[in-house]
Amino acid sequence: MNPHAKLITTASLILGTTITITSNHWAMAWTGLEINTIAIIPMISKSHHPRAIEATIKYFLVQAAASASILFSSLINAWSTGQWDITQLTNPTSCLLLTAAIAMKLGLVPFHFWFPEVLQGSSLTTALLLSTAMKFPPITILLLTSNSLNPPLLTLMAVASAALGGWTGLNQTQLRKILAFSSISHLGWMTIIIIYAPKLTLLTFLLYTLLTSAIFLSLNTSHTTKLSTLMTSWTKTPMLNATLMLILLSLAGLPPFIGFLPKWLIIQELTKQEMTSTALTLALLSLLSLFFYLRLAYSSSITLPPNSTNQTKHWYTNKNANPLIAILTSLSILLLPLSPLILPTI
Amino acid sequence: MDATLLLNTSTLLTLTIILTPILLPLITKTPPNSPPTITRYVKTAFIISLIPMTLFMYLGTESIISNWEWKFIMNFKIPLSFKIDQYSSMFLPIALFVTWSILQFALWYMASEPYITKFFSYLLIFLITMLLLTTANNMFLLFIGWEGVGIMSFLLIGWWHARAEANTAALQAVLYNRIGDIGLILSVAWLASTMNTWEIQQAFLPSQTPTLPLLGLILAATGKSAQFGLHPWLPAAMEGPTPVSALLHSSTMVVAGIFLLIRTHPMLATNPTALTLCLCLGALSTLFAATCALTQNDIKKIIAFSTSSQLGLMMVTIGLNLPQLAFFHISTHAFFKAMLFLCSGSIIHNLNGEQDIRKMGSLQKTLPTTTSCLTIGNLALMGTPFLAGFYSKDLIIENLNTSYLNSWALLLTLLATSFTATYSLRLTILVQTGHTRLPPITPINENNPLITNPITRLALGSILAGFLITSFILPSKTPPMTMPPITKFAAILVTLLGIILALELSNMTHTFTHPQQNTPFNFSSSLGYFNPLTHRISSSNLLNTGQKIATHLIDLSWYKKIGPEGLADLQRIMSETSTPMHSGLIKTYLSTFALSILIILIFH
């Protein structure tokens with residue numbers, strides 16, 4: 001991409017995010033969201049491939065509709081209460097509409113249909129941005145308005161997200177789609193707890209960002225986008241392949257890794273709020289996503305592929321490994337013992 | 001001399017003598033046993049065992065010997081104790097006498113057998129376990145003896161193990177006996193848990209004994225003594241050599257079930273249900289076996305069914321609450337039945353393996369001793385006055401006639417008595433009289449003392465045993481003294497009826513040219529259709545149930561459909577349902593979004 005274009009796009013992204021995060025007025029929040037939408041469009045359509053273009057259009061349409069809904073909800077609230085404060089959202093219709101709009105922005109069920117295709121159409125780094133950075137402003141808005149949201153609707157959407165994310169992800173072989181469904185599933189976990197303990201939502205989101213970044217960057221190094229390519233990635237980057245398995249297991253929420261921490265705390269909080277059956281359902285449904293993570297780990301590290309490789313190790317002289325991978329991988333595997341430090345700070 | 005001391009010593013000496021050929025080679029390096037040696041051991045044991053019997057007859061001495069105690073559980077005594085009372089002190093000499101005769105006969109019968117010493121050792125081990133069973137004072141020892149005779153029966157029936165029918169017969173014997181063992185274990189367990197003892201003397205309640213353990217005992221007797229329901233193994237057991245049939249399946253092993261009921265009879269006496277069950281079961285068994293014997297053509301099978309019928313009669317006696325009489329019948333029956341088997345063995349070997357009575361005839365002239373003793377045995381079996389069988393059988397029928405019990409059982413027993421006469425006479429006519437139907441060159445020679453001595457000895461016993469036992473042993477219950485003449489002569493009358501019928505029928509076989517098939521004949525010759533029905537149905541049911549439970553229920557259902565595979569299937573279905581929702585059409589997506597928002601807003 002043209003360096004100028006890249007600079008403008010990146011700067012716009014940062015600007016948009018910052019505006020939304022630091023806003024008090026609904027108009028500023030909406031502005032930031034719109035800037036983000038427009039800024040990411042060139043990044044998605046970078047490769048000028050028909051699929052990328054289609055992804056761009058889908059993304060734009062959905063995000064525009066969502067932003068418009070946010071604006072409508074703030075308008076309804078302003079009409080009935082006369083103020084535009086983000087934290088003072090009191091009109092019930094407004095709350096409902098906002099919940100739906102944020103769900104559409106994030107990709108919660110039943111507003112999740114766009115997410116896998118958009119992710120599939122973009123490159124791995126753009127997909128990373130879409131999964132992590134683009135979700136940050138909506139999550140912030142969610143956090144700010146957490147006491148105005150509609151609990152039953154949120155719970156329903158969260159459990160449905162975990163369920164559909166798990167079930168649909170079982171049938172995928174493209175890695176970006178798998179990670180899209182994993183994102184939907186994790187969003188389910190994030191939204192279930194926002195009413196009771198918003199800090200846990202933030203924690204989940206941050207850890208999710210950490211893990212997803214690690215995965216996307218590792219996949220980017222070996223240019224793997226589908227399961228069959230993943231099976232031969234051990235020849236290209238054996239060490240990264242091994243750590244990829246561990247990061248996947250961490251994302252699944254297995255105990256020695258950091259991915260366990262949010263799940264554990266969310267279940268604890270839900271149980272304290274007498275929502276044990278919800279906690280149980282959520283935990284059981286995340287078994288589904290565990291299955292496809294395990295499938296990825298299995299095909300990348302645990303078995304050797306059925307297709308033959310020409311030689312045992314491919315020599316890649318231009319391994320453009322992002323230095324960030326080292327930090328992110330280490331954190332995602334080893335951070336759990338530091339959880340007492342993490343908890344008071346968020 | 002203290003009578004008890006003499007009694008104990010001689011009994012233990014008897015038991016030790018017959019144990020010696022088995023145990024001595026294990027301890028010292030003696031030359032291996034030979035069959036004549038074993039025969040001599042048993043003869044010695046018989047002579048020694050006469051001492052306790054004489055002591056009991058003249059002085060009424062009875063005792064219990066307890067030696068060692070198996071300290072297994074602290075408050076439950078399982079001693080090694082022998083009971084020497086009327087039953088065991090009388091059974092010991094009779095069993096040893098019969099065994100001695102049979103072993104002597106087997107010296108000739110199995111002379112060409114390469115493993116004859118092993119055969120004799122098996123018979124000896126059988127005898128040891130049988131005597132253990134009869135002298136046992138507690139159920140533990142009785143059970144050891146019980147299982148021992150069962151195992152030895154299996155080994156001996158399948159002696160010619162290269163023959164497929166012998167193997168199946170042995171297995172059949174073991175299976176049917178095992179079903180009976182369930183009953184025995186049930187009652188033994190009930191005894192241990194309720195009475196806290198395994199000694200039969202301690203097991204008597206003044207009030208009515210619960211029916212469950214008695215049902216167990218009756219089941220055990222049904223299995224071991226081939227009552228109706230668990231009877232097919234006895235005719236099939238004729239696959240074994242004739243000495244085995246003579247010893248096990250006529251005199252000793254098959255009476256073990258009846259002996260058990262005799263030993264535990266005070267428990268039975270208080271429970272009318274159990275007594276009625278014994279009565280009816282015994283009546284049914286005796287009639288059924290007698291019916292089947294009418295049309296058999298194998299000489300050994302006829303005698304086997306005759307044994308089965310007499311066992312039914314013994315069960316009837318138990319049902320009449322007359323254990324002493326049942327034991328009396330056991331004793332007299334041992335003599336003539338063993339003799340019948342030995343005669344048939346002599347006939348079979350002399351006719352070079354021919355067992356079909358339709359191919360024998362006119363043996364009275366060629367095998368005089370054997371056939372005379374065959375006649376004596378048949379007469380004793382029929383209950384001819386003043387032979388051995390008369391004393392026990394007639395007394396049983398008199399008691400049956402004069403008791404206020406089930407008249408259906410009475411009718412069946414009388415019918416069976418007449419059938420006994422019929423088939424015995426049929427046997428005699430076809431084997432001994434008429435023109436010979438043998439192949440021309442059949443070298444027949446019974447001049448060996450090993451044949452004639454045992455048979456004549458047992459013939460003497462068949463004649464005198466009844467008289468001797470009634471003279472010396474006092475009955476414990478008052479026998480019926482007075483009855484109308486027709487009742488008194490009932491047994492003889494039905495026997496005569498049976499004889500006349502047999503003579504008439506055999507006359508008809510000479511004059512009829514075209515024998516027709518008829519239903520009663522088919523019923524009798526196919527043994528009441530019992531074997532194909534039960535064997536096929538029960539095994540196929542069991543296997544089907546096994547498949548349903550093991551394969552269908554557990555493997556397929558629990559482990560697969562309801563368990564992991566079913567779960568995986570559910571997830572697959574959900575996955576298949578949810579994947580086509582992502583059709584890629586943005587209009588669909590946007591309409592879904594709009595619809596969802598609409599529904600959310602409406603619901604509020």
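A quick definition to start: helices here are DSSP runs of H or I, at least four residues long, numbered from the N terminus. Keep that in mind for one residue in chain B. Just after α6(B) comes Asn196(B), and Asn196(B) has a positive phi of about 55°.

One caution. This model is predicted.

Let's stay with that helix. Helix α6 of chain B covers residues 164–195, which is 32 residues. How far apart are its end C-alpha atoms? They are 46 Å apart. At 1.5 Å a residue, the helix should span 46 Å, so the two values agree.

Now the interface. The size of an interface is often given as the accessible area lost when the parts come together. Here, chain A and chain B bury about 2100 Å² between them. Carbon and sulfur atoms give 79% of that area. On the chain A side, Leu96(A), Phe113(A) and Trp167(A) lose the most area to chain B. Together they make up 30% of what that side buries.

How many residues does each chain bring to the contact? Chain A brings 27 residues, and chain B brings 18 residues.

What about charges and polar atoms? Between chain A and chain B there are zero salt bridges. There are six residue pairs in polar contact across the interface, with both residues at pLDDT 80 or more.

Which helices of chain A each supply at least two residues to the side that touches chain B? They are α3 (50–81), α4 (92–106), α5 (114–121) and α8 (151–169). The largest share, six residues, comes from α4(A).

Last, the make-up of that chain A side. It has 18 nonpolar residues, six polar and three charged.

Note on methods
Residues numbered from 1 in each chain as written. Chains lettered and ligands numbered in written order. Predicted model: local features only at pLDDT ≥ 70, side-chain atom pairs only at ≥ 80, totals over all residues. Heavy atoms only, no water. Contact = heavy atoms within 4.5 Å. Buried area = accessible area lost by both parts, 1.4 Å probe. Salt bridge = Lys/Arg side-chain N within 4 Å of Asp/Glu carboxyl O. Polar contact = N/O pair within 3.5 Å; in protein donor to acceptor, adjacent residues only side chain to side chain. Nonpolar A, V, L, I, M, F, W, Y, C, P; charged D, E, K, R; others polar. Expected span 1.5 Å × (residues − 1).
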